[in-house]
Structures are given as structure tokens and as C-alpha cells.
Amino acid sequence: MIKQQKLTKYLHTLLIVVMGFGVFVPLFPVQAATQATVADFSAAIDQANDFQFQGAMAIDQESGQILYQYQADQQLGIASLSKVISLGVVYDAIKQGTLKLTDTVPISADVALLSQTEGLSNVPLEVSKDRYTVGELIDAAMIASANAAVVALAERVAGSEDGFVTQQMSDKVKEAGVKQFKLYSASGLPGNYVNSSKRFFGYTENDENQLSAADYLRVVRQIVTDYPDILTRSLPLKKDFKVNTDTTVTMENQNEMIPGGAHGRHEVTGGKTGTGDISGYSLFVQANLSGRKVLVVTLGDPTKEARYQDMGRLLDSIENQLSWYRIHGEGEMVGGSDAHIPVANGDQPWTSLYYEKEAGLFVPNTQLDDPGIEVSYRDALQYDTEGKIQVIAPLKKDAVVNVEYYTAPFYQSIMNDKEHQSVSDAVKATEDVLEVPFFVKISRLMNDIMQNLMQWLHNFFATVMSN
């Protein structure tokens with residue numbers, strides 16, 4: 001197997017070209033069976049910790065690589081974690097231009113009454129047409145987990161909470177490829193809190209929003225990538241909310257794991273809590289680990305304290321036992337800065353290629369010297385008459401020449417389709433290389449054949465004479 005410092009050097013010697021599509025060319029030997037998988041790593045983490053959650057998962061945000069999972073496909077209540085999905089729909093409306101952060105949101109009598117309901121997370125809202133802005137209600141939802149604030153936004157976007165949930169919110173979940181889910185409310189409250197005059201179904205207090213840990217991250221990963229402002233707004237420890245001209249309340253962050261909180265961690269860069277009588281205590285966070293954004297969700301802890309203890313131990317385990325393994329950097333030249341890559345049928349004999357983006361993956365620290373990486377290509381490699389790998393003209397500057405795929409025993413993606421079951425990166429041309437006329441190609445080919453023939457004859461007679 002190839003150690004990290006040797007891997008990059010070895011990859012740089014592999015020159016690639018577009019031929020037939022869909023051809024994968026394995027270049028490395030099959031990995032040893034002793035290397036750990038995600039399942040192996042997760043089991044070891046579980047054995048070392050007394051986790052109390054019912055389901056959990058951690059992924060690399062950019063690539064979707066799974067770092068840890070426990071009963072991640074089991075549908076569980078997500079309570080107020082639902083608010084991140086609802087706000088994803090709100091930000092879609094902002095992106096589409098049908099809504100602005102500075103727009104005001106009408107507050108109906110039902111929403112005002114919900115905001116005053118004892119025992120629910122809220123900020124008090126008063127019946128009004130233009131008192132509260134979209135931005136203020138988003139802050140209330142992410143900091144104070146204000147249920148009525150999310151319902152008001154849902155009514156502003158879709159006309160009713162039911163319509164918002166059964167159409168836009170459900171469509172948002174389906175866009176991520178999720179097929180099994182239950183959604184009853186925009187806020188994450190049990191379905192019986194949906195205004196009875198606007199119900200499409202007879203919701204009860206036992207009807208709660210449900211997703212698996214894996215499906216929740218599939219949905220939220222895209223939302224927080226497209227709209228990072230949602231998590232930025234989840235970070236203030238306190239913020240004032242103006243109820244009316246005479247009354248201001250101070251919102252206190254419900255997430256004690258943000259920096260400065262009772263269970264605060266410096267690497268946490270946003271998140272959301274979820275609490276319900278049925279669903280228990282849940283938590284979603286984004287954290288910077290090994291210089292990467294990592295998304296973690298835990299569902300169904302029995303107590304508030306267990307929620308933070310479990311998340312803390314899980315973050316520690318990932319941070320201490322996994323590392324980012326860099327294969328190559330963004331814009332890095334294939335073969336190094338002074339590499340000369342042969343070009344067939346080109347108006348120049350050499351060119352250079354570069355990697356479009358950084359490529360890498362998380363691996364257990366015990367496998368850093370032997371990550372078991374295999375490389376394959378989208379398109380077949382092309383060889384000259386001497387068996388050397390080459391690229392073929394014409395080439396266009398910054399156009400994709402080929403795509404590399406990297407797989408390893410520990411690599412597993414949260415994405416459903418096979419295309420995303422490996423780390424991939426495009427290799428691009430640094431310059432235009434024109435194709436020479438047909439008669440020049442024939443002339444070069446004949447010259448190569450003659451040179452190879454003369455070399456073969458030379459070697460043949462040298463062998464005969466030596467005998």
C-alpha cells in the first residue's frame with residue numbers, strides 16, 4: 001500500500017485523457033480486509049462511550065462523507081430541529097425574490113395566542129400587520145426556538161401552516177432524496193398545535209415530525225450550505241426582541257453548546273436544539289473539526305443534560321480519532337509545477353494539467369499511513385505506441401480532461417446515488433492545445449512506428465550477436 005507522501009507523487013505520474021465515458025480504471029491494489037470501516041469505527045466509539053441517544057450521525061458537510069452513525073436509518077421525532085428545514089423554505093423564498101429579510105410579517109390571532117401558550121418556547125407576539133420583520137422572526141426561531149415565530153413565517157410564505165408543511169416543507173425534504181418522513185407542523189410541535197380551522201387532517205398530540213438521523217442530515221446539509229446565515233443567526237447568547245413600542249424581551253439561546261454557553265465548545269459554529277415529550281432531547285450542530293465543517297445530529301436523549309454530554313463525547317471522539325487526509329490541493333498541478341505532460345496530435349508536444357479543487361477524506365488516525373485509497377477515472381486512459389500515458393489534442397483551457405475518483409475502506413457517503421460513493425475531482429487543462437491536421441498525424445504515426453521498429457531490430461540483432 002502507499003503512504004501519504006508517496007500517494008501524491010504516484011498520482012502525479014498518472015496522465016489522463018478523455019476517451020470512452022463510464023470506464024473505470026482501477027490503479028491501486030485491493031485494500032487489506034483489516035482496515036476499519038465506518039461501521040467498525042462507530043462500534044468502537046459506542047463501546048467506549050455510554051451514549052443514551054436513540055439515533056445519531058456525523059458527516060463532513062462538503063463531501064457528505066459519513067464519520068459516525070448509530071441507528072441512523074430509524075425514524076425518530078425531531079421536534080424543534082424541524083425549524084431549520086422550515087427556515088430553508090423561507091430562505092428559498094428570499095432567494096426567489098418573493099420575500100425579503102426586511103419585509104414585515106402579519107401576526108394572526110391564532111399565532112398571537114400560540115405565542116402566549118404556557119410551556120412552549122416562544123417570544124410574545126401581538127396581533128399586527130407590520131410590526132415584526134422576517135429577519136426578527138428568524139432570529140427568534142433560531143435563538144429562542146420560538147414556535148409561533150416559525151408559524152407566522154409559514155403563513156406568510158404559504159398562506160397557512162398546513163399548506164406550508166404539506167407542500168413547500170415536504171417538497172424540501174423530497175428534494176434531498178428522502179422518501180420516508182412524517183411532517184405535521186412547521187415548528188416541530190405535535191400536530192395538535194396546528195390551527196384546527198386550517199387542518200387538512202385530524203392531527204393529535206401523538207403526531208410529531210419524524211425523520212431518521214441520516215435523512216435529517218441529507219436535508220439540512222444542503223440547507224446550511226446554501227444558506228449559512230441560518231446557522232450564523234443561531235450563535236448569539238442573548239438578543240433583544242421588540243414586542244411593541246413599550247416592551248422588549250431578551251431572548252436567551254436555547255442551545256447551551258454554542259461558544260459561551262453552559263456546555264459551550266469553541267469549535268461549534270451553529271446549531272439547533274429539539275425538545276418534545278415524545279421525541280425526547282435532540283441536538284444538531286455544525287462544528288469545525290480538522291479544518292472541516294462537520295454536521296452532527298443526535299436524536300432522542302432522555303434528558304437535557306444527556307443531550308449535551310452525548311454530543312460532547314461524540315465530538316471529542318471524532319476530533320481525537322479522525323483526521324483529514326489530503327490527497328491534493330485546489331489548483332495543484334498534476335505532476336508538480338514543472339511537469340511536462342505529453343500531448344498526442346497537438347500543435348505542441350507538452351502541456352500541463354491541474355486539479356479543480358482539494359480532494360481528501362477523513363480516515364481513522366490509525367490508518368493515516370495506510371488509508372487504502374484506490375483511484376479510478378471516469379474516462380479511459382490513453383497510451384502511445386510505446387505504452388506511455390498521454391493526453392490527446394484538442395484541449396481547451398480550463399476544460400475538464402477527466403475526473404478522478406478516490407475510494408477507501410473508511411469512505412462512505414450519505415448520498416443515495418452511486419456517483420457520490422467516492423471522492424471525486426476534475427482534472428483540467430491549463431491552456432489551449434490545437435489539433436494538428438490529419439496528414440501530420442499520419443506522418444507522426446509512421447515516424448513512431450519506424451522508430452519502434454528500428455529499436456526492436458537493434459535489440460533483436462544485439463541479442464543474436466551476444467549469443
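The largest pocket comes out at a volume of about 710 Å³, counted as the space filled by probe spheres set on the grid points. This is a predicted model, where local features need pLDDT of at least 70 and side-chain atom pairs count only at pLDDT 80 or more. Residues are numbered from 1 along each chain. A pocket here is an open set of points on a 1 Å grid, where a 1.4 Å probe fits, with protein on both sides within 12 Å along at least five of seven lines; lining residues have an atom within 4 Å of a point.

The lining of the largest pocket takes in 32 residues, with Gly119, Leu120, Ser121, Thr275 and Gly276 nearest the centre. By class, there are 9 nonpolar, 16 polar and 7 charged residues in this lining; Gly counts as polar. Strand E9 (268-276) gives the most, with 5 residues.

Elsewhere, helix H6 (residues 147-158) packs on helix H7 (residues 161-175) at about 75°, the axes being 8 Å apart. The two are therefore roughly perpendicular, a label for angles of 65 to 115 degrees. On the H6 side, Val151, Ala154, Glu155, Val157 and Ala158 meet Glu161, Gly163, Phe164 and Gln168 of H7, contact meaning heavy atoms within 4.5 Å.

As for aromatic pairs (ring centres within 6.5 Å), the whole structure holds 8. One of them, Phe41 with Phe410, is edge-to-face, at 5.7 Å centre to centre and 90° between the planes; edge-to-face covers planes over 60 degrees apart. Phe41 sits in helix H2 and Phe410 in the loop between strands E20 and E21, 369 residues apart.

Notes: Side-chain values use heavy atoms; hydrogens and water are left out. Axes are lines fitted to C-alpha atoms, for helices over the stretch in contact, and angles run from 0 to 180 degrees between N-to-C directions. Helices (H or I, at least four residues) and strands (E, at least two) are DSSP runs, numbered from the N terminus. Angles under 35 degrees count as roughly parallel, over 145 as roughly antiparallel, 65 to 115 as roughly perpendicular and the rest as oblique. Rings of Phe, Tyr and Trp (its six-membered ring) pair if their centres lie within 6.5 Å; planes under 30 degrees apart count as stacked, over 60 as edge-to-face and the rest as tilted.
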